[in-house]
Amino acid sequence: MPSVLSLQNVSAFYPSSSASFFGSAGWTQILKDINFDLHAGEILSIVGESGSGKSTLGKSIVGLVPKISGSFIFKTEEYHPSNMRHLRQKIQIIFQDPYSSLNPRMSVNETLNEVIQLYPNAKNPNERLTALMDQTEIPKDAAAKYPHELSGGQRQRVCIARSLAVEPDVLICDEIVSALDVSVQAKILNLMKDLSEQKSISILFTTHDLHVVESFTDTVLVMNGGHIVESGTVEQVFQNPKHEYTQILLGSIPGKNHQKEDEILMPSSSS
Ligand SMILES: Nc1ncnc2c1ncn2[C@@H]1O[C@H](COP(=O)(O)OP(=O)(O)O)[C@@H](O)[C@H]1O
Ligand SMILES: [Mg+2]
């Protein structure tokens, strides 16, 4: 399988909270020398406890981290995330909290039509709207509803549908099921799996809850303190975890992650 997204020796930094003695703000390194390949149609999960750097990794790929180093390669093209406007359509990111990603004053069909109009293709807009809602299993009668009238799972489906509207090759899913009930989590994961199989979309899926990914993912990367400490197939990592941190994660009781993601990344946003 060809590699769709490759990260080589990637490090990422945020400004240090305290400016240095000389007044120039320093940088705190969050990601340390990250390497991996995401292949066509692959589901790659990044697991690690809260604060390990999963969101920073997802954001670094789409240029939402202020300082990065290393190589980012989309298919055969090396790109710099701070200058990737032409790839925004190809690499989409979805966050944990769909409520803050959706415009409260826009109905489902307005939200989706906005993107459909920005990225026209051969199909007619109404057909595309219907196809997107079918694919993401949003009921027809939800089309005229506003975000506050939808369930959490339906809101996340709208975010997924909006991302699919631009026909991406890569979907970064940052804790997208973490705020949902377990039964709804399973349905959304099934949906993501179908999408990766049917549309050959590559999915980078982050979660602090290892058990979420067990039945769903192809490959697992375990992150701790901004490093990848272990990687392998699901079988390798779950049945024979090598790193002590992975063993602890697998033995630990999954907790809820309460962090908020307020960023809105519209496909049209300028960079
Ligand atoms: N915008 C930011 N500015 C400064 N530090 C940040 C910012 N976002 C995250 N961090 C820090 O980066 C580290 C990794 O955070 P994050 O990537 O959100 O981890 P995870 O998604 O695994 O919970 C944490 O120590 C966090 O405090
Ligand atoms: Mg996170």
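User: In this predicted model, which residue just after helix 4 takes a positive phi?

Analyst: The model is a predicted one, and helix 4 covers residues 125–135. Just after helix 4 the backbone takes a positive phi of about 55°, and the residue that does so is Glu-137.

User: Which residues of helix 4 are buried, and how wide is the arc within which they fall?

Analyst: The buried residues of helix 4 are Arg-128, Leu-132 and Met-133. They line one face of the helix, because, seen down the axis of helix 4, they fall within an arc of 130°.

User: Which residues are exposed on the other side of helix 4?

Analyst: The buried residues of helix 4, among them Leu-132, pack against helix 3 and helix 5. On the other side of helix 4, the exposed residues are Asn-126, Glu-127 and Asp-134.

User: How are helix 3 and helix 5 oriented to each other?

Analyst: The axes of helix 3 and helix 5 come within 9 Å and cross at roughly 20°. Their contact is made by Val-108, Thr-111, Leu-112 and Val-115 of helix 3 together with Val-158, Ala-161 and Arg-162 of helix 5. Angles under 35 degrees count as roughly parallel, and helix 3 and helix 5 are therefore roughly parallel to each other.

User: Against which helices do the buried residues of helix 3 pack?

Analyst: In helix 3 the buried residues are Val-108, Asn-109, Thr-111, Leu-112, Val-115 and Ile-116. Seen down the axis of helix 3, they fall within an arc of 160°, so they line one face of the helix. The helices against which these buried residues pack are helix 4 and helix 5.

User: Over which residues is the pLDDT below 50?

Analyst: The chain averages a pLDDT of 89, and 90% of the residues score at least 70. One stretch, which has 28 contacts in the model beyond near neighbours in sequence, has a pLDDT below 50, namely residues 252–271.

How values were computed
Residues are numbered from 1 along each chain as its sequence is written. Chains are lettered from A and ligands numbered from 1 in the order in which they are written. This is a predicted model: local features need pLDDT of at least 70, side-chain atom pairs count only at pLDDT 80 or more; totals for chains, interfaces and linings use all residues. A residue is buried if 20 or more other C-beta atoms lie within 10 Å of its own, exposed if 12 or fewer, and partly exposed in between; C-beta atoms are placed from the backbone. Helices (H or I, at least four residues) and strands (E, at least two) are DSSP runs, numbered from the N terminus. The arc is that of the directions from the helix axis to the C-beta atoms. Two residues are in contact if their C-beta atoms, placed from the backbone, lie within 7 Å. pLDDT is the predictor's confidence in each residue, from 0 to 100. Axes are lines fitted to C-alpha atoms, for helices over the stretch in contact, and angles run from 0 to 180 degrees between N-to-C directions. Angles under 35 degrees count as roughly parallel, over 145 as roughly antiparallel, 65 to 115 as roughly perpendicular and the rest as oblique.
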